[in-house]
Amino acid sequence: MKARLHLLPWDRPLLGQAVAWLAADWEGAGPLDLAHLLVVVPTRQSGRRLREALAAYAGARGQAVFSPRVVLPETLATLSASPVGVATRMASQLAWIRVLRRVPLAEFRAVFPIDPPVRDFAWARRLADQLLHLQSTLAEVGLPIGGVASQAGADFPEAERWRQLADLEQRYAAVLAAQQLRDAQAAKLDFALQPILPPGIKKIIMLGTPDPL
């Protein structure tokens, strides 16, 4: 798939220009059919305004519009036809909590050098949030937790700690898999490497979204 950059003038509102550009090949004799497009926008509000503006543009000619599929950058990974769903943050948090409350800490001393004073739900929830944040941060540069040690090289002094973190991540993934779910960050990484688009989509347009993750 070829990538093309189209620059819209800065001295006019973006929305009107974007609608005119999307409808540039429409002659007005029938419905404005944009159903073959996947349009990535920065916010839900911008997506709503785009759909409204397209409807108004077609309506001015007495026609209907078949809107494009409008999504946010972070929801691209949820478009796959895979039967395995993408876990919500709550489901991911609970999966991490389950792992952290059950794992034998003595086998993970590079991560847990000493046992916590109280190994309760609150402790596991705080740590789960930290691990979710870590996964999100690493995903921004295209890495799962399990990929850090291999990227760092043989002389990486923290290799054992990251190896144990990778083991914990695998256990977390197994908890989600038992629920027919997968981690959202892992889904994003897989989608970036091998995107599977919804049927009928022929073109992807990044509209006013210059710096997606």
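Tutor: A residue counts as exposed when its relative accessible area is over 50%, as buried when that value is under 20%, and as partly exposed in between. The model before us is predicted, and these words are applied to values computed from it.

Student: Why is R89 called exposed?

Tutor: R89 has a relative accessibility of 52%, and the cut-off for exposed is over 50%, so R89 is classed as exposed.

Student: What makes R89 and D129 a salt bridge?

Tutor: Their side chains meet at 3.5 Å, N to O, and the rule asks for a side-chain nitrogen of Lys or Arg within 4 Å of a carboxyl oxygen of Asp or Glu, so this pair of R89 and D129 qualifies. R89 lies in helix 3 and D129 in helix 4, so the bridge ties together parts that are 40 residues apart in sequence.

Student: How many salt bridges does the rule give?

Tutor: The count comes to six. One of them joins the side chains of E52 and R48 at 2.5 Å, N to O, which is within the 4 Å of the rule. Another joins the side chains of D190 and R182, with 2.5 Å from N to O.

Student: Why are E52 and R48 separated by about one helical turn?

Tutor: E52 and R48 are four residues apart in helix 2, and therefore about one helical turn lies between them. The relative accessible area of E52 is 44% and that of R48 is 36%; both values fall between 20% and 50%, so each residue counts as partly exposed.

Student: Why is the aromatic pair of W26 and Y57 called tilted?

Tutor: A pair of aromatic rings is described by the distance of the centres and the angle of the planes. For W26 and Y57 the distance is 6.2 Å centre to centre and the angle is 50 degrees. The centres must lie within 6.5 Å, while an angle under 30 degrees would count as stacked and one over 60 as edge-to-face, so the pair of W26 and Y57 falls into the remaining class, tilted. W26 lies in the loop between helix 1 and strand 1 and Y57 in helix 2, so the pair ties together parts that are 31 residues apart in sequence.

Student: Is W26 buried or exposed?

Tutor: W26 has a relative accessible area of 14%, and since the limit is under 20%, W26 is buried. Y57, in contrast, is partly exposed at 29%.

Student: How many aromatic pairs does the structure hold?

Tutor: The structure holds three. Among them is the pair of F112 and W123, which is also tilted, with 6.1 Å centre to centre and 50 degrees between the planes. F112 sits in the loop between helix 3 and helix 4, and W123 in helix 4, 11 residues apart. Both F112 and W123 are buried.

Student: Which residues have the most contacts inside the largest nonpolar core?

Tutor: That core has 29 residues, and those with the most contacts inside it are W96, L100, F112, W123, L165, L168 and Y172. Two or more residues come from each of helix 3, helix 4 and helix 6, and helix 4 gives the most, with seven. Beyond its neighbours within four places in sequence, L100 is in contact with residues including F112, W123, L127 and L131. Another core, of 19 residues, lies apart from the largest one, and A18, V39, V41 and V70 are among its members.

Student: What makes M90, L94 and F121 a patch?

Tutor: M90, L94 and F121 form a nonpolar patch on the surface, with about 300 Å² of accessible area together. A patch residue needs over 30% relative accessible area; L94, in helix 3, has 43%, so L94 passes that cut-off, although L94 is still called partly exposed rather than exposed.

Student: Which residues does K203 touch?

Tutor: Residues up to four places away in sequence aside, K203 touches H36, L37 and L38. K203 is found in strand 7, and at 43% relative accessibility K203 counts as partly exposed.

Definitions and conventions:
Residues are numbered from 1 along each chain as its sequence is written. This is a predicted model: local features need pLDDT of at least 70, side-chain atom pairs count only at pLDDT 80 or more; totals for chains, interfaces and linings use all residues. Side-chain values use heavy atoms; hydrogens and water are left out. A nonpolar core is a set of buried Ala, Val, Leu, Ile, Met, Phe, Trp, Tyr and Cys residues joined through side-chain atoms within 4.5 Å. Buried means under 20% relative accessible area, exposed over 50%, partly exposed in between (1.4 Å probe, protein chains only). Contact means heavy atoms within 4.5 Å. Patches are made of residues with over 30% relative accessible area and no salt bridge: like charges are joined within 9 Å, nonpolar side chains (Val, Leu, Ile, Met, Phe, Trp, Tyr) within 5 Å. Accessible areas come from the Shrake-Rupley method with a 1.4 Å probe; for residues, only the protein chains shown count as cover. Rings of Phe, Tyr and Trp (its six-membered ring) pair if their centres lie within 6.5 Å; planes under 30 degrees apart count as stacked, over 60 as edge-to-face and the rest as tilted.
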